[in-house]
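This report considers how one chain is built and how two other chains meet. Please examine the sequence and the model before reading on.

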Amino acid sequence: MSDNHEAPNGAPVSARLGIWAFLATELLLFGALFTAYAQFRITHAELFHQEHLKLNRVLGALNTLVLLTSSLTIAIGIAAIRRGLQKLLKVCLSLTLALACGFLFIKYLEWSHDFHMGWFPRTNLFFGLYFMMTGLHGLHVLAGMGVMIWLLYKAQRGSFSAEYNTPVEITGLYWHFVDLVWIYLFPLLYLIG
Amino acid sequence: MAAYKIYFVVWGALLVLTAVTVAVSYLNLGLWNATVALAIASLKAGLVALYFMHLRHEIKLVLGFAIFPFLILGLILVGTLVDAIYRF
Amino acid sequence: MADHPNTSLPEDRGYLSEHGFRSWALTMDHKRIGVMYIWTTLGFFVVAGILALLLRLKLLVPGPALFSDHTYNVLFTMHGAMMIFLFIIPAIPSALGNFFIPLLIGCRDVAFPRLNLFSYWIFVAGIAVTVGTLAAPMDTGWTFYTPYSAQTSAAVTALSFGLFLIGMSSILTGLNFIVTIHTMRAPGMGWYRMPLFIWAMYATSVIQVLSTPVIGITFLLLAAERVFGIGFFDPAKGGDPLLFQHFFWFYSHPVVYVMILPAMGIVSEVVPVFARKPIFGYKAIAYSALAIALIGFLVWGHHMFVSGMSTVAGVIFSFLTFFVAVPTGMKIFNWIATLYKGSITFESPMLYALSFIFLFIIGGLTGLFLGALATDVHVHDTYFLVAHFHYTMMGGTVMGLFAGLHYWFPKMTGRMFNETWAKSAWWLVVSGFNVTFFPMFILGMQGMPRRYAEYPAKYQALNVVATVGSWFLALGVIIMFANFIKSLRNGPLAPDNPWRGLTLEWQTTSPPPEENFHEIPTVTDWPYGYGSRNEAPRE
C-alpha cells in the first residue's frame, strides 16, 4: 500500500519525491540568504538603493535570457528522450552546457568589472550579499554542469531511452530550480536593490 | 510535437516578462517598483514550475513536497523580520 | 527471557556473514550502514563523555585546578559540539533509523541505498575535518555566536566546513527516509498501520531536510565573514549579530526535536510490548509527532530572550513556545494510559523507557520555566538551563537510545545480553544521572552561572554532589557497554522474537538476512494488538 500511483512522468515516484525533497533543502539554503537580504534591505534601504545602481542591468538581463533559454533546451531534451530520440537529447544537453558556460562567462565579466572598480564582498553589506548570492548560485550552476557532462557521457554510450531516463529528468528539475533562483536574484539585486 | 510547442510558447512568455520587468525598473514608481518586480518574478517562477518542471501534471504528493517548504521559508522570513522591524 | 545455553556460532549469521573491511566500507546494506553509525556515534559519546567527566572533576573545587580557564572553555565547547553534532543528532535517526526503518515497514532496503552509503562517508569526512580543527581548538561554546566566532583565532572556518558536511549527511539521510517511508511500505501497510517509530522518524526527517540547510548557509556565511571580511553579523560594519542567532536557532531549535522525536518513537514501541497492552491513542501519538515537528519551527526565538531581541518578538515566541508542550503532554499521557492495567514486566528496555518518561517530564516541565519570558530572564545562562537541557537530552534522548539498544540488541546481533548486568547498569545510570543533574536545578535557581571555570565557594557543596554523581553515571555506562561487547562475542543466541513483539522486524530471523525478509510480509493489522489475541506464553 505505497503511494506508487501510476506515474504521469517518466521517472518513478521515489525519484521525483527524492529530487523535490532535495530542492526543498536548496530552497531553505537560499531562503536564509533571501531572509538576510530582506532584513538588510529594510534596515539599510538607502545603501541598497545607491549600491544596486552600480550593477550592470543589461548584463544581468542578458544572463537571465541565457539561463531561461538553457531551461528551454533541457526541457526539450527530456521530452525528446521520452520519445526515445537519443540524438536530440545529446544536442539539447550540449546546448544547455554551452548556455551554462555563457552564463558563467558573463558572470565572470561582471565580477572582474566589480573587482576592477574596487567593489569586493567586504565593501559593504549590499556587495557582501551580492557576491554571496551570485557566488552560491554560480556554484550551483557549476555543479549542474558537472552532472550534465556525466549525462552527456552516458547518453553518448546510449544509456538513456524512452524507458529509462530518470537521471535526465531529475537533473532537469535541478536545473530549472537553479533557473528559478536566478529569476528572483535578478530583480532583487539588479532592479530594485 | 505539441510538447515542444508549449515549451517554446512558455519560453517566449518568459522572455517577454523579463523585458517588461527590466523596462519597468527604469520608471520610478516608489514602492511599486519592488512590488511589480517581485510579482513578475513570481509569474515567471510559476511558469517554469508548472510547465518546465511538470508540476501541472504532478500527483498530489509531489505537489505537497513542492509547496510545503515555502511555508517553512515563510516562517523564517516572518520570524526574523518581526524582530528586526521592532528592533531598529 | 530465554536462557539459551547454546553460545556456539550459529550457521547462518544473516547480514553479518561477510567479513572484511570492504564488505563494510562499500556496503549498501542499510543494516551494515546502521551498525557503522552506531559504532561511530557511540565512540563520540564515549569521548565527549570523558570530557564531561573532566569538566565535572575540575568543578569539584571553586578555584583554579587541573587545567587553565582557556582549556576549560575548549573542553566544554568540544563536549557540547561533539555530543550534539557527532552523537545525539545522528545517534538514533542515522544509526537505529537506518537499521530499523526498512525492517519495521517490511522492505528490503531504503529507497536510495547508494545515497545512504554516501551519507555515511560524507559524515565521516565531516568528522575528519572537525577533528582536524583540534589543531586550533574552539573556545566559542557549541553555539559559535558572532562576533566572537568571527574574530577568534580558533579554526572556525575549517570547523564550519566540517559541520557543513555533517549537515549534508543529515539532510541526505532524512531525504532517504522520507522517500522510503512514502514508497516502500509492505503491502497492506497503510499509514495507520505503521509502527509509531516510523511516524516519529518521518517527522524527524522532515525537520532534518528543512532546517539543516539553514545552519549550512549560516556556517557558510560565518566562514565568508572570516575569509572575505563581510560584515553580515558584525555591528561595526552595519551587520546584525542577532541575525546569526536567528539563523542558528532556526536550525538548532527544531533540531532538538530531531534528537527527541526518535527517542519518543522508541518509547512508543517499547511500552506496549512490555505492558502487553495495545498502545493507547495511536493516532494522537502519531499526529503529535508531526505537530511537534511543525510547532518546533515556530519557537526558535525563545533562545534569544535576553539577547537584545525586540520585546514584541520575545512575547510572540514565548507565547508560541507553550504550544510545544501540548503535543508533548499528549504523548506522555498516552504512554501512561498504555501502562494503566497492563501486565507490565521490567526488563531492561522497559526500565529505560520508563526512565525516559519520568526524566523527560522533569526536563519538559522545567522547559516551560525557561520558555516563559519573565522567569527566563532570572534563570537564563545559569545551571538551571544546564540541568533542563541534560534532563531532556540525556534523560530523554539518551535513555530512549539505551532503551532502543537493549530492545533491538538481540535483533541486530543475534545474541542476548546479560539481563542482570543490564539491570545493575540501569540502576547506576539513572541514579547517577539524577545525582549529577538535579543539584544543578538548585544551583541555577541560586544564581550560579554556566560556562565559567570558577565559581563562588558557597556553591561548592552541591557541585561536589554533582561530580560524585557523574562517577556513578559513568560506571553505569561502562558496565552497560561492557555487557554489550561481551555479549557480542559469547552471549546466548537470541531467538527471533525474544520480547514477543508484533512489529515486522520480529518476524524475520535474528540477525536478519541480507534481504531482510525471505518473503515480504503482507500486513493485515496494526502492530499493537497486544493482549487482545492468544499470545504465546512467556518462555
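In this predicted model, buried residues account for 56% of the 539 residues of chain C. A residue is counted as buried if 20 or more other C-beta atoms lie within 10 Å of its own. Chain C contains 16 helices and zero strands. Its radius of gyration is 23 Å, close to the 24 Å given by the globule rule for 539 residues, so chain C is as compact as a globular protein of that length. Along the principal axes, the C-alpha atoms of chain C fill a box of roughly 70 × 50 × 45 Å. Of the contacts in chain C between residues at least 6 apart in sequence, 86% join residues at least 24 apart.

An unreviewed UniProt entry annotates residues 24-524 of chain C as "domain: Cytochrome oxidase subunit I profile". That span is 70% helix and 0% strand, and its end C-alpha atoms lie 35 Å apart.

The meeting of chains A and B is described next. Here, 38 residues of chain A are in contact with 37 residues of chain B. On the side of chain A that touches chain B, at least two residues each come from helix 1 (13-43), helix 3 (57-82) and helix 6 (166-191) of chain A. Helix 1 of chain A gives the most to this side, with 14 residues. The table sets out the classes of residue on the side of chain A that touches chain B.

| Class | Residues of chain A on the side touching chain B |
|---|---|
| Nonpolar | 24 residues |
| Polar | 10 residues |

Notes:
Residues numbered from 1 in each chain as written. Chains lettered and ligands numbered in written order. Predicted model: local features only at pLDDT ≥ 70, side-chain atom pairs only at ≥ 80, totals over all residues. UniProt positions renumbered as here; feature names shortened; annotations may be inferred. Helix = DSSP H or I, 4+ residues; strand = E, 2+ residues; numbered from the N terminus. Contact = placed C-beta atoms within 7 Å. Nonpolar A, V, L, I, M, F, W, Y, C, P; charged D, E, K, R; others polar. Rg over C-alpha atoms; globule rule 2.2 N^0.38 Å. Buried ≥ 20, exposed ≤ 12 C-beta atoms within 10 Å, placed from the backbone.
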